[in-house]
Amino acid sequence: IPLHGVDIILEAARRSQDRRIHWTIIGNGQSASKWKKELAQNPIENLNWLEWVKYDALIQHIDTADLCLGIFGNTQKAEIVVPNKVYQMLASGKPVITRRSRAMEELAADQELNLILVEANDPEGLVEAIQGFAAQAGPGNPEQAKPEPDDVSKSLIANKFGPLAVANQYSRMLGDFLARSRKYSELD
């Protein structure tokens with residue numbers, strides 16, 4: 001879908017064909033037919049597109065990935081949302097690269113999250129972020145390698161964004177609303 005910014009991802013994959021970066025895209029959304037035609041005319045050697053996988057297989061793909069991609073779209077929605085897939089990938093303990101936006105910057109303010117932000121509409125910036133991650137976590141730099149995903153990072157996501165955390169947020173908002181309502185009803 002436009003939110004994902006597949007055009008940016010494909011251009012980054014095209015620019016990285018000589019850089020030992022392998023890309024896997026999973027999904028088949030509203031703009032898929034456009035990108036299928038594009039890839040049929042101009043294939044990208046280092047790109048694998050899986051149109052659909054079962055949920056269990058999706059979990060395995062995330063688990064075996066070195067890092068995951070968020071969204072790169074240049075829409076108003078992309079500026080203001082953090083899609084569920086970003087939370088899911090962070091909850092899996094995987095590093096996530098995604099476009100910089102107000103919503104993502106707010107999420108990234110928690111330094112414990114392994115979230116890497118790149119500028120919107122910047123395929124080369126995406127490639128550079130991936131290379132930067134590989135330089136830190138790759139076998140050539142074991143002393144700088146990022147730790148394996150652990151229960152601490154997974155529980156951080158659960159504690160901040162899990163059902164109980166959302167229920168607590170909602171409860172606080174409802175309490176604030178009720179307090180304001182009582183205040184205004186007393187003015188009558």
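**Figure 1. Overview of the predicted chain.** Buried residues make up 34% of the 188 residues in the chain; buried means under 20% relative accessible area, exposed means over 50%, and partly exposed lies in between, with a 1.4 Å probe and protein chains only. This is a predicted model, in which local features need pLDDT of at least 70, side-chain atom pairs count only at pLDDT 80 or more, and totals for chains, interfaces and linings use all residues. Residues are numbered from 1 along each chain as its sequence is written, and side-chain values use heavy atoms, with hydrogens and water left out. The chain has nine helices and five strands. Helices (H or I, at least four residues) and strands (E, at least two) are DSSP runs, numbered from the N terminus. Their order along the sequence is α-β-α-β-α-β-α-α-β-α-β-α-α-α. Of the contacts with a separation of 6 or more, 59% join residues 24 or more positions apart. Contact means heavy atoms within 4.5 Å. The chain exposes about 12,000 Å², and 51% of that comes from carbon and sulfur atoms. Accessible areas come from the Shrake-Rupley method with a 1.4 Å probe; for residues, only the protein chains shown count as cover.

**Figure 2. The buried residues of helix α1 and their cover.** Helix α1 spans residues 6-15. Its buried residues are Val6, Ile8, Ile9, Leu10, Ala12 and Ala13. Their cover includes strands β1, β2 (47-50) and β3 (68-69). Helices α2 (32-41) and α7 also contribute to that cover.

**Figure 3. Helix α1 against helix α7.** Helix α7 covers residues 123-137, and its axis lies 8 Å from that of α1 at an angle of about 60°. Axes are lines fitted to C-alpha atoms, for helices over the stretch in contact, and angles run from 0 to 180 degrees between N-to-C directions. The angle therefore makes α1 oblique to α7. Angles under 35 degrees count as roughly parallel, over 145 as roughly antiparallel, 65 to 115 as roughly perpendicular and the rest as oblique. The crossing of α1 and α7 is right-handed. A crossing is right-handed if the near helix is turned clockwise from the far one by less than a right angle, and left-handed if anticlockwise. From α1, the contact takes in Ile8, Ile9, Glu11, Ala12 and Arg15. From α7 come Pro123, Glu124, Leu126 and Val127. Six of the residues in the contact of α1 with α7 are nonpolar, none are polar and three are charged. Ala, Val, Leu, Ile, Met, Phe, Trp, Tyr, Cys and Pro count as nonpolar, Asp, Glu, Lys and Arg as charged, and the others, Gly among them, as polar.

**Figure 4. Helix α1 against helix α2.** The two axes come within 11 Å and cross at roughly 20°. Helix α1 is therefore roughly parallel to α2. Their crossing is right-handed. Val6, Asp7, Leu10 and Arg14 of α1 meet Trp35, Glu38 and Leu39 of α2. The contact of α1 with α2 holds four nonpolar, no polar and three charged residues.

**Figure 5. Two loop residues with positive phi.** Most residues other than glycine have a negative phi. Arginine 20 is not a glycine, yet its phi is positive, at about 60°. Arginine 20 sits in the loop between α1 and β1 (23-26). Arginine 20 is exposed, with a relative accessible area of 84%. Asparagine 121, also not a glycine, has a positive phi of about 55°. Its loop runs between β5 (115-118) and α7. Asparagine 121 is partly exposed, at 43% relative accessibility.

**Figure 6. Alanine 108 in helix α6.** Helix α6 spans residues 102-108 and contains alanine 108. Alanine 108 counts as buried, at 18% relative accessibility. Neighbours within four places in sequence aside, alanine 108 is in contact with Leu115 and Leu117.

**Figure 7. Tyrosine 87 in helix α5.** Tyrosine 87 belongs to helix α5 (residues 84-91). Tyrosine 87 counts as partly exposed, at 23% relative accessibility. Leucine 107 is 20 residues from tyrosine 87 along the chain, and their C-alpha atoms are separated by 9.8 Å.
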